[in-house]
Amino acid sequence: MKILLTGGTGYIGSHCALALLQAGHSVTLLDNLSNSDAAVVSRIRQLYQPQSAEAAELSFIQGDIRDEVLLERLLSTQRYDAVMHFAGLKAVGESWLQPADYYQHNFNGTLLLASLMQKHQLPCLLFSSSATVYAASATALDEQSPCAPASPYGRSKYFVEAMLKDLQQANPAFSVILLRYFNPAGAHHSALLGEAPCGTPNNLLPFVAEVASGQRDEIQVFGDDYPTADGTGVRDYIHVEDVAQGHVLALQQHQAEPGVHLYNLGRGQGYSVLQVIQAFEQSCGRVLPYRITTRRPGDLPSTVACADKAQQLLGFTARRDLQQMTDDAWRWQQQLQQRPVVQPQLSPITDKATTGQDGVKHEPC
Ligand SMILES: NC(=O)c1ccc[n+]([C@@H]2O[C@H](COP(=O)([O-])OP(=O)(O)OC[C@H]3O[C@@H](n4cnc5c(N)ncnc54)[C@H](O)[C@@H]3O)[C@@H](O)[C@H]2O)c1
């Protein structure tokens, strides 16, 4: 297949790009580089070692999903078999401060993309949704569990899901795959791909990694009075390479199957903040300082997936455990600090790229 990945140089998109290439699918990455670096494209290429002359191709376009002219040109000239849509903003806390940005990028961006896909009869859209759409629950969340997103970010995901269901109903040939990720964590085992947020990390593992590497003084633990075993929040962490594998399986299963296909991507096992810190201490070999502070508004005590549906229908199992996530995250963090700083806007990839018939820059693999 030939797949367009919006947000393709980001954390999850880059791992999915590699997994798709390794599964034999050609990949175009579209990203505005607002939270990633074009050097990611070279690292994906470095990791992808084609076994035959008929290898899958990798190309990169720098652009924004809200750019209608660009999208129109791209989708009207390229026959993609599917779009995996990762581009968007993802910080719960920031979404309270800048809700309009979240609805602009996440909702309006997806509406434009999906509308143009339908206009040009592209068959399949896979959307990165999130466990933040669910209501609080003391038990594992399955795909039928009630939704009640507690932040503008979660609501942007929930509204997009509803909008895509409506578009699918009006266009029954369309396949919509909704993947609700729980807490993607870790990095590629090569330490060449991983999470490199611009500014303060929003997710726990990158923050812990920065404390472990001495960039930050201490970990803030938001609340130790939740009704959990040690009082700190519990989340279902899933290795990012397992997340990528889930995408390949979901796409291969449903790309040509019209309808709405909804799955959780989690492991079905929760870990508290303190357990994550302990696992990271094992990985980096030192005690990590932390401080208990007050709860953050909107944080739930515990969010754990029921992962049965993906296992039964896709044959998906998240194989990597928490220790592997923290080991890989620590290796990635160490690499990050050794790597020279790359200018994100002026990468050799863009310089070397050729301009295709569609008028956009392409970089063949
Ligand atoms: N990482 C998580 O914990 C998590 C959990 C649940 C859902 N998700 C969702 O998965 C998707 C990918 O997340 P991620 O962790 O890889 O984030 P990320 O920030 O690493 O990747 C997103 C990419 O999209 C790009 N981007 C943002 N706005 C864009 C726009 N308007 N046009 C083009 N590119 C744009 C960024 O530059 C970045 O490379 C997001 O939609 C996020 O909401 C992530």
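**The three-stranded sheet**

Modeller: An open sheet is made of three strands in the order β12-β9-β14, with mixed pairing.
Colleague: Which strands stand at the edges?
Modeller: β12 (271-272) and β14 (302-303) do; each has a single partner strand, so one side of each has no neighbour in the sheet.
Colleague: How many bridges join β9 to β14, and do the two run parallel or antiparallel?
Modeller: Two bridges join them, and the strands run parallel; β9 covers residues 234-235.
Colleague: Which residue is the bridge partner of Arg235 in β14?
Modeller: Thr303 is the partner of Arg235 there.

Colleague: Changing topic, what pLDDT does the protein chain average?
Modeller: This is a predicted model. The protein chain has an average pLDDT of 91, and 93% of the residues score at least 70.
Colleague: Where is the pLDDT below 50?
Modeller: Over residues 343-365. In the model, that stretch has 43 contacts beyond near neighbours in sequence.

Colleague: And the ligand, which residues come nearest?
Modeller: There are 28 residues around the ligand, and those that come nearest are Gly7, Gly10, Tyr11, Ser36 and Ser128.
Colleague: Which elements supply at least two residues of the shell?
Modeller: α1 (11-22), α5 (99-119), β5 (124-130) and β7 (183-185) each do.
Colleague: Which of them gives the most?
Modeller: α1, with three residues in the shell around the ligand.
Colleague: How do the shell residues divide into nonpolar, polar and charged?
Modeller: Around the ligand, 16 are polar, eight are nonpolar and four are charged.

How values were computed. Residues are numbered from 1 along each chain as its sequence is written. This is a predicted model: local features need pLDDT of at least 70, side-chain atom pairs count only at pLDDT 80 or more; totals for chains, interfaces and linings use all residues. Two strands pair if DSSP finds at least two bridges between them. Helices (H or I, at least four residues) and strands (E, at least two) are DSSP runs, numbered from the N terminus. pLDDT is the predictor's confidence in each residue, from 0 to 100. Two residues are in contact if their C-beta atoms, placed from the backbone, lie within 7 Å. A residue is near a molecule or strand if its C-beta atom, placed from the backbone, lies within 6 Å of it. Ala, Val, Leu, Ile, Met, Phe, Trp, Tyr, Cys and Pro count as nonpolar, Asp, Glu, Lys and Arg as charged, and the others, Gly among them, as polar.
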